[in-house]
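This report goes through one protein model part by part. Please keep the sequence and the 3D view open while reading.

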Amino acid sequence: MHRFPIAIIGAGPIGLAAAAHLVEQGEDFVVLEAGEGPGTTVREWGHVRLFSPWSYVVDGAAGRLLEREGWQTPDPDLYPTGGDLVDRYLEPLAQLPDIAPSLVTRTRVAHITRAGADKLSSSGRDDLPFELVVDGPDGRSRLRARAVIDATGTWHRPNPLGSDGLPVDGEATFDDVITRRIPDVGGADRDRYAGRSTLVIGAGHSAFNAILDLANLADSAPGTQVIWAIRGQQSGRLFGGGGNDALARRGALGAAVRDLVDTGRVRLITDFRTTGLERHNGGAVVVGTDELGVESRIGPVDEIVALTGFRPDHALSSELRVCFDPIVEATPALAPLIDPNLHSCGTVPPHGAADLAHPETGYYAVGMKSYGRAPTFLLLTGYEQVRSVVAMLVGDLEAAARVELVLPETGVCSTDALVNDVRELAPVGAGAPTPLPQVGGGCCT
């Protein structure tokens, strides 16, 4: 098996971090990237500023390799945009002599299987190499690997508008109105949103970013209106941990949005579950119901920014023996740590190879894809994942089991008595997160 490389799928921050750790271990690998270069997906949200500073977005092994080649570490207290992340970190990392020869771009992985064996075949399975079916500039080909680190993310599978997980009536015919990314309203997309009405749907940090950008646009473009619709009720938790968040900019996002709502610059509609879309007077009317099923309508509006999260694509691994929790579509060991039904605080305990393992020995989904449909992923989480996974693949079980990370707390828990007024909370430091009990179960437990 060791005559085959370890295959990494995806040359984003997590995939390239895995490559850096493999370099330090002296392992052969190949990185397969569907885009034109490293960080192709990140460039799609390159105008968005991260709420994590540089000190939280550079992997340890990657930083060591870069510094060895004379790379200047960015100011650790500054906040990069997605474009900064690619230009100042991912591109230099991908160009390192230890990584560049192993990076293959414009090559999309279509399927992963075991060489000569389908999912039903058990005899000697772990001794067979993986076989990856890939589509590249010269057509379809196959390559073999002794292990697979799947860092393909979830970016290309945004959730639909329906609260039942399905597209709502008419959604497929509104592609001209719906944007499923944070629009660049201060740059390339300004003309699309200036002087027009926009409905933002979603309650996460992406929605916060879009709302703030649109509100800023309204200051300079008369007639710009911002409406915000969420499924839940308004509460302190909606706006995050404020000053209690160990990531200051993450906390500030929610506090700023709360101020926009309180001052009437943004109209917030709560308890709204989208059920349909209709055309009216050249605009879009969004139909929804409240918790009791009472129907209401928003609009007509000119634009809809749908920021309702993402979901993984498990088609790649359909011929592998993989196991997913039926709720969040993460591994059964990881699921209870990130399931928002159980885990209200948004602060996920660090985890590694043991929590990411599937019945298919040697296959690991890492990064955003490992979280399934769950939110609150941080780059630091993915870096710790690949550090542990690489240690496991090279046989260093002690390092694989060791936890080398304390994640910053969000400052929000449903049991926090003070959470209804997060702006009054005094700042506190980040502490070690408390692991949650292994509750619930999955298909393989």
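## A first residue

In which strand is L103 found? L103 is found in strand β3, residues 103-104. Helices (H or I, at least four residues) and strands (E, at least two) are DSSP runs, numbered from the N terminus. Is L103 buried or exposed? L103 counts as buried because its relative accessibility is 17%; buried means under 20% relative accessible area, exposed over 50%, and partly exposed in between (1.4 Å probe, protein chains only).

Leaving aside neighbours within four places in sequence, L103 is in contact with A11, V31, E33, P38 and A94. Contact means heavy atoms within 4.5 Å. L103 and G37 are 66 residues apart in sequence, and their C-alpha atoms are 8.9 Å apart in space.

## The model as a whole

This is a predicted model, in which local features need pLDDT of at least 70 and side-chain atom pairs count only at pLDDT 80 or more, while totals for chains, interfaces and linings use all residues. Residues are numbered from 1 along each chain as its sequence is written, and side-chain values use heavy atoms, with hydrogens and water left out.

The average pLDDT of the protein is 87, and 86% of the residues score at least 70. pLDDT is the predictor's confidence in each residue, from 0 to 100. Over residues 412-443 the pLDDT is below 50, and this stretch has 71 contacts in the model beyond near neighbours in sequence.

The protein has 11 helices and 16 strands. Of its 445 residues, 52% are buried. Among contacts between residues at least 6 apart in sequence, 71% join residues at least 24 apart.

Strands of a sheet pair through backbone hydrogen bonds, either parallel or antiparallel. Here, two strands pair if DSSP finds at least two bridges between them. Strand β7 (residues 147-150) pairs with strand β1 (residues 6-9) in the parallel sense over four bridges. β7 also pairs in the parallel sense with strand β16 (residues 363-365), over three bridges. I149 takes part in both pairings: the bridge partner of I8 in β7 is I149, and the bridge partner of I149 in β16 is Y364.

In a regular strand the side chains alternate between the two faces of the sheet. In β7, A147 and I149 point one way, V148 and D150 point the other way, and all are buried.

An open sheet of five strands runs in the order β8-β15-β9-β10-β11, with parallel pairing. Its edge strands are β8 (178-179) and β11 (267-269), each of which pairs on one side only. Within this sheet, strand β9 (residues 197-201) and strand β15 (residues 303-306) pair over four bridges. The bridge partner of L199 in β15 is I304.

Strand β12 (residues 273-280) and strand β13 (residues 283-289) pair in the antiparallel sense over seven bridges. G276 stands opposite V287 in β13. The hairpin of β12 and β13 has two residues between the strands, and N281 takes a positive phi near 50° there.

## A residue in helix α6

S206 lies in helix α6 (residues 205-220). S206 counts as partly exposed because its relative accessible area is 34%. Apart from neighbours within four places in sequence, S206 is in contact with I182 and L307. S206 and T308 are 102 residues apart along the chain, with 8.9 Å between their C-alpha atoms.

## Pockets and cavities

Rolling a probe the size of a water molecule over the atoms shows where empty space is left. On a 1 Å grid over the protein atoms alone, a cavity is a set of points where a 1.4 Å probe fits but cannot get out, and a pocket is an open set with protein on both sides within 12 Å along at least five of seven lines; lining residues have an atom within 4 Å of a point. Grid points are joined across faces, edges and corners, and a volume is the space filled by probe spheres set on the points.

The second largest pocket has a volume of about 300 Å³. Its lining has 18 residues, of which H21, R64, E384, R387 and E404 lie nearest its centre. α1 (13-25), α3 (60-68) and α10 (379-393) each supply at least two lining residues, and α10 gives the most, with six. By class, the lining has seven nonpolar, three polar and eight charged residues. Ala, Val, Leu, Ile, Met, Phe, Trp, Tyr, Cys and Pro count as nonpolar, Asp, Glu, Lys and Arg as charged, and the others, Gly among them, as polar.

There are two cavities of 30 Å³ or more. The second largest cavity has a volume of about 40 Å³, and its lining residues include F324, H358 and K369.
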